[in-house]
Amino acid sequence: MKGAEDMPSEAELERLPCWGGLDLASTRDLTAFALLWRDGSKYYLRVQHFVPEETANERKQYRQWIDAGHIIATPGNVVDYDRVRDNILEACERYEVRAVAYDRKFSAYIVPQLMEAGAPMEPFGQGFLSMAHPTKLLERLLAGGDLCFGADPVLRWEFSCVQIARDPADNLKITKNRNKKGDMVDGVVAAVMALGQSETDHDSEETPLEIWTL
């Protein structure tokens with residue numbers, strides 16, 4: 001899959017403008033926090049995934065990824081929003097995070113705390129109108145090899161779970177196959193949100209692709 005090139009060094013990332021995307025889980029699913037850096041026409045993506053320990057125990061693959069450091073497990077049977085909050089604040093302190101896009105759903109607890117601590121939080125709609133352009137842009141970046149996300153096996157798996165929904169106006173957004181139990185796309189959704197937020201600072205020509213290319 002394109003995108004599996006090496007990421008820049010931490011020192012390089014700290015010098016680049018950065019945008020975040022936060023896809024919060026309800027209770028037991030994956031929560032994803034994406035960081036997206038932009039260097040000209042090249043983008044670099046890193047996604048932190050969080051999962052409750054009890055959920056991880058029910059899925060062998062999650063446990064393997066946790067042991068390898070690709071997923072953060074938190075104690076108990078629900079998402080530990082405090083751990084998510086702390087990681088976001090740490091990222092905002094370390095990198096040049098200009099905005100963190102978030103879904104209003106499930107945000108009532110964590111977002112006010114983040115804003116009070118100074119994190120630049122921005123609501124981001126999950127409908128076709130909000131998601132269409134960054135979804136098409138992500139599609140184009142993947143096809144052109146302009147999105148690097150390293151060797152993240154969780155994100156690679158999530159890309160393989162992606163389904164594309166279209167509305168009557170041919171707007172796109174990411175979804176998952178509801179008939180395939182266990183599929184997750186949270187990290188990809190968080191990445192689309194971060195990409196959409198980054199576009200508020202950069203004008204770009206929308207060039208839709210007809211085929212989702214991985």
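Student: So how are α7 and α8 oriented relative to each other, roughly parallel or roughly perpendicular?

Tutor: Keep in mind that this is a predicted model. The axes of α7 (residues 153-161) and α8 (residues 186-198) cross at roughly 90°, so the two helices count as roughly perpendicular to each other. Their axes come within 7 Å.

Student: Which residues make that contact?

Tutor: On α7 they're Leu155, Glu158 and Phe159, and on α8 they're Asp186, Gly187 and Val188.

Student: Switching topic: is arginine 38 buried or exposed?

Tutor: Arginine 38 has 15% relative accessibility, and buried means under 20%, so it counts as buried. You'll find arginine 38 in strand β2, residues 31-39.

Student: What does the side chain of arginine 38 make a polar contact with?

Tutor: One partner is the side chain of tyrosine 43, at 2.9 Å. Also, a polar atom of the arginine 38 side chain lies 3.1 Å from the backbone oxygen of glycine 40.

Student: OK, on to β8 and β9. How many bridges join them?

Tutor: Five, with β8 (residues 162-166) and β9 (residues 172-176) running antiparallel. Valine 162, for instance, stands opposite lysine 176 in β9.

Student: Which residue in that hairpin takes a positive phi?

Tutor: Aspartate 170, with phi near 70°. The hairpin has five residues between the strands.

Technical notes
Residues numbered from 1 in each chain as written. Predicted model: local features only at pLDDT ≥ 70, side-chain atom pairs only at ≥ 80, totals over all residues. Heavy atoms only, no water. Axes fitted to C-alpha atoms, helices over the stretch in contact; angles between N-to-C directions. Helix = DSSP H or I, 4+ residues; strand = E, 2+ residues; numbered from the N terminus. Parallel < 35°, antiparallel > 145°, perpendicular 65-115°, else oblique. Contact = heavy atoms within 4.5 Å. Buried < 20%, exposed > 50% of the residue type's maximum accessible area, 1.4 Å probe, protein only. Polar contact = N/O pair within 3.5 Å; in protein donor to acceptor, adjacent residues only side chain to side chain. Pairing = 2+ DSSP bridges.
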